[in-house]
Amino acid sequence: MTSSTIRTRWSPKRDKATPQHRRAAKAAATIAAGALALSLTACGGDGDGDANSGTEGNTEETANNVTLPKLDGTSLEIAAVWSGAEQANFKKVLAEFEKRTGAKVTFVPAQDPIINFIGSKVAGGQPPDIAMLPQPGAIKQAVDRGWAKPLGAEALKELGENYSQGWQDIGKVGGKQYGVYYKAANKSLIWYNNQVFENAGASEPETWPDLLKTAQTVYDSGVTPFSVGGAEGWTLTDWFENVYLSQAGPEKYDQLAKHEIKWTDPSVKDALTTLAQVWGKANYVAGGANGALQTDFPASVTQVFTGGDQPKAAMVAAGDFAQVNIPTTMKVGTDAKVFPFPAVGDNGPVVSGGDAAVILQDSKGAQALATWLASPDAAQIQAKLGGYLSPNKNVPNSAYPNAVQQRIAKALVDAGDDFRFDMSDQAPQAFGGTPGKGEWKILQDFLKNPKDVAGTQQKLETEAAAAYGG
């Protein structure tokens, strides 16, 4: 599961004084302030409600702000790679759509890469009505192959009322709107076991050197510092991209994302060398490299928050969606805390992902479902259930179930149009979004051998050049 990425924190030291950079800096400051406040949620008394308990917004009836047609007798299919609690929660959103319209909606579990899954369905003459695509690159592929259908007037109306222009634009191809970004994620977070930190006398780091010191303090206390879900390559791209954005800066990031500079660029060498300070440090990763490569994302979160004061690891770099994998015995904001991914350069990164609803079979029902997913009504249902973040600016902040997520959600919306997407999500899927191939596989190999910086760079460039067409 990947999600697109907000990445905007620009240093005045690097600022070229353009209006765009000044807007980005302002938005970044807003996000930074929200993110840095996350750990304060355990203190209480701030009017945001208990960290794990629902707010008043959670007990209100479902909002009814969107007009939907009657669709009695209509059957629809929607495909996504979501599983577990994420899938179960989304099905509740679909159930409300069924209740309001009379349609029947079937959730179709898909496999990564979802663009290949869709291709097989199209070839068989049975594509789902809508697919939730986790990469802008996948949306473009679906359009280029003639699979995706443009959004109709009602969905466009909802998008215009509920989304910043930037979130609308990333769902466009060739000037036409194809995607509704229903789900977003802040992926520049590190979750930690507070009891382990207290026992070790460790504090939340703000810079990369601070993170290394914190990791050593935790290690000296007898707990492995980091949990890494290396079985899923996207978790490793998140590590790289956070480091690269902070260290190299937004302009280099944009250039690398478009393959306007090569992966053999010195900036990539610097980022991989920095990553090796964690990945290559003996006993800093739970289970070592081999263990990490057998650990999926949910397990990478769970093993930080189970085992009492001797868990398998103290920290995990993971997005806000990690909350669905934190055991209910651990209170978010008190037992399970979070801090922003530390600054490697002058400023820390801010990263978000997203999943967009794209129509594959145009019909009144499919257009209505896309319209529903663009509404605050739909997003509010899943927001209340936790482990979810919406770029929809009209979802009330009180809908989120705890103060931690309320602050994350507010920071996302406050960013407005000043955001960037996850680099791997912008890449052609063959390079940035396929298990066992491209960037995912190469970074898994680098996790096993973090000394091979030059070799890793050359492999990344070879694969990127092939995927981008030279």
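Which residue forms a salt bridge with aspartate 414? The partner is lysine 410, and the closest N and O atoms of the pair lie 2.7 Å apart. This tour returns to that pair after a view of the whole chain.

**Before selecting anything**

The model is predicted: local features need pLDDT of at least 70, side-chain atom pairs count only at pLDDT 80 or more, and totals for chains, interfaces and linings use all residues. Residues are numbered from 1 along each chain as its sequence is written, and side-chain values use heavy atoms, with hydrogens and water left out.

**The whole protein**

Display the protein as a cartoon. Its secondary structure comprises 20 helices and eleven strands; helices (H or I, at least four residues) and strands (E, at least two) are DSSP runs, numbered from the N terminus. Of the 470 residues, 59% are buried, where buried means under 20% relative accessible area, exposed over 50%, and partly exposed in between (1.4 Å probe, protein chains only).

Next, show the surface. Its accessible area comes to about 17,400 Å², and carbon and sulfur atoms hold 48% of that; the areas come from the Shrake-Rupley method with a 1.4 Å probe, and for residues only the protein chains shown count as cover. Among contacts (heavy atoms within 4.5 Å) with a separation of 6 or more, 78% involve residues 24 or more positions apart.

**The nonpolar cores**

Select Ile78, Phe97, Trp191, Leu369, Trp372 and Leu373. Within the largest nonpolar core, which has 90 residues, these touch the most other members. Helix α14 (residues 364-373) supplies the largest share of this core, six residues. The core also draws at least three residues from each of domain 1 (75-186 + 352-424) and domain 2 (189-349 + 427-468); the domain bounds come from an automatic or database domain assignment. A nonpolar core is a set of buried Ala, Val, Leu, Ile, Met, Phe, Trp, Tyr and Cys residues joined through side-chain atoms within 4.5 Å. In soluble globular proteins, nonpolar side chains tend to be buried together.

Centre the view on isoleucine 78. Leaving aside neighbours within four places in sequence, its contacts include Phe90, Leu94, Val105, Phe107, Ile130 and Met132, as well as Leu369 and Leu373. Apart from this core lies another, of 49 residues; Ile190, Leu236, Tyr253 and Val344 are among them.

**The salt bridges**

Twelve salt bridges are present in the structure, each a side-chain nitrogen of Lys or Arg within 4 Å of a carboxyl oxygen of Asp or Glu. Side chains of opposite charge can pair when their charged atoms come close.

Select lysine 187 and aspartate 238, whose side chains meet in a salt bridge (3.0 Å, N to O). Lysine 187 lies in the loop between β6 (179-186) and β7 (189-193), and aspartate 238 in helix α9 (residues 233-248), so the pair ties together parts that are 51 residues apart in sequence. Lysine 187 is buried at 3% relative accessible area, and aspartate 238 is buried at 9%.

Move to aspartate 169 and lysine 172, which form a salt bridge of 3.4 Å, N to O. Here aspartate 169 is partly exposed at 37%, and lysine 172 is partly exposed at 32%.

Now return to aspartate 414 and lysine 410. Both are in helix α16 (residues 403-414), and because they are four residues apart, about one helical turn separates them. Aspartate 414 is partly exposed at 34%, as is lysine 410 at 47%.

Select serine 424 in helix α17 (residues 423-426). This residue is buried, at 1% relative accessibility. Its side chain makes a polar contact of 2.5 Å with that of aspartate 422; a polar contact is a pair of N or O atoms within 3.5 Å, and within protein one must be able to donate a hydrogen and the other to accept it, while residues adjacent in sequence count only if both atoms are side-chain atoms. Beyond four places in sequence, serine 424 contacts Thr237, Glu241, Gly432 and Glu439.

Glutamine 168, in helix α6 (residues 165-169), is buried at 11%. Its contacts beyond four places in sequence are Leu159, Gly160, Tyr163 and Gln177.

End at tyrosine 178, in the loop between β5 (176-177) and β6. Tyrosine 178 is buried at 9%. Alanine 356 is 178 residues away in sequence, yet the two C-alpha atoms are 8.8 Å apart. Contacts of tyrosine 178 beyond four places in sequence include Ile139, Val143, Pro150, Lys172, Ala357 and Ile359.
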